[in-house]
Amino acid sequence: MITYPFTYRRAKSVAEAEAMLKAAPESKLLSGGQTLIAAMKMRLANPPELIDISGIKELDYIRVANGAVAIGAATTHWAVATSADVAKAIPALAHLASIIGDPAVRYKGTIGGSVANNDPAADYPSAVLALGATIKTNKRSIAADDFFTGMFSTALDENEIVTEISFPIPEKAAYKKFANPASRYAMVGVFAARTKGSARVAVTGAAPCVFRVPEMEAALAKNFTADAVANIKVGADGMNSDIHGSAQYRAHLVTVMAKRAVAEAA
Amino acid sequence: MTVVSMTVNEKPVSLDVEDRTLLVYFLRENMRLTGTHIGCDTSQCGACVVHIDGKAVKSCTMFAVQAQGAQVTTIEGLAKDGKLHPVQEAFRDNHGLQCGFCTPGMIMTAVDMIRRKGVMDRATIRHELEGNICRCTGYVNIVSAIEDASKRIAGSAEKAA
């Protein structure tokens, strides 16, 4: 398959990428390309210009400081999955990165690309939301709760570039995914985290956009055990339904995967 | 059009190509290296896996311009001085292929995983093979071949040391 024609440009810095975006507002940022290039080949996306930000050194880092793990937007899934610092600070996050797609995809795909794309079945949005991460851009900082606004949509403005995701380190956390056996995307993935006196549960794959389950969070804040969420059901209304699983099935999986995630974290 | 320069199987190459040229087409059509296959063309099957700076990636999901300055290795670049790579030998000895269409990608993925993980158990090999699809074998002999190859490579590293 061949994409529509486009012009390729490589940015060496965030400032340069910003200037290129301003000059050509219809262009798209290219990072790992594991979603964008596939969409362009299917001719679902037709940007006249691609601005490659994958080689920008200032966006490729993992830093642990002040109770948070800060990851540069152009950091690959492979780098996060194999980082000793991430494994020590938030092992659930390293595990999540290690089961995104397959090894070849993990070498190329980046955290900034995944978060900015906000695929309904992507893994990272669940960790960003459950850990209450902050998304930093070339213009501002956005709280996870304000960032994911709907299917493939986010609070990002035109010409805004994700530069870093900063994850507060939780006391305990785990991610459990019921993966589609062909694509490895989440049919349902649940990220559960406990921090001082509170708990957060975020679900990906089940609905058009990642979401939290307040009832589970309230129960877990009092008692962080799998039993606490075992009888909490989410409704099938608004859940995704396709050849891989009905809305009812996905709703059922939310409770199952939440139990497994909490059991592993606790 | 952009002039792209990279090293393919240790030979420098510079070609003027359309920006939208996928790396797999660059290799197959511009360089006539047809060992790298196009299977699903949707980055799921892994028949197009090549190494970019030592890492196994899917050449159908990357533009040639992105490989500017990179060291690219394809299946044609594995054998040295007329001698098969140990992973190629192990695929032959273990009957790790039937039709052979997925084999170049399987071998390139296997070389990368052995480099990272050394000798592996069968479950690890299967997890590492999640991005490579074979429609003939049921994977049993492919896993055996990679297991065997990982031991051979570890053995020859020991001998050398």
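Hi everyone, let's start with Asn9(B), which sits in the loop between strand S1 (2-8) and strand S2 (11-17) of chain B. Helices here (H or I, at least four residues) and strands (E, at least two) are DSSP runs, numbered from the N terminus.

A word on the model: it is predicted, so local features need pLDDT of at least 70 and side-chain atom pairs count only at pLDDT 80 or more, while totals for chains, interfaces and linings use all residues. Residues are numbered from 1 along each chain as its sequence is written, and chains are lettered from A and ligands numbered from 1 in the order in which they are written.

Back to Asn9(B): its phi is near 50°, a positive value in a residue other than glycine. Asn9(B) counts as partly exposed because it has 18 C-beta neighbours inside 10 Å. The cut-offs, with C-beta atoms placed from the backbone, are 20 or more others within 10 Å for buried, 12 or fewer for exposed, and partly exposed in between.

Now over to chain A. Arg43(A) is in the loop between helix H2 (36-41) and strand S3 (49-52). Its phi is near 60°, again positive in a residue other than glycine. With 11 other C-beta atoms within 10 Å, Arg43(A) is exposed.

And what about Ala110(B), buried or exposed? Ala110(B) is buried, since 31 other C-beta atoms lie within 10 Å. It belongs to helix H3 (residues 103-117) of chain B. Leaving out residues up to four places away in sequence, Ala110(B) touches Val87(B), Ile146(B) and Ala149(B); contact means C-beta atoms, placed from the backbone, within 7 Å.

Terms used. Two residues are in contact if their C-beta atoms, placed from the backbone, lie within 7 Å.
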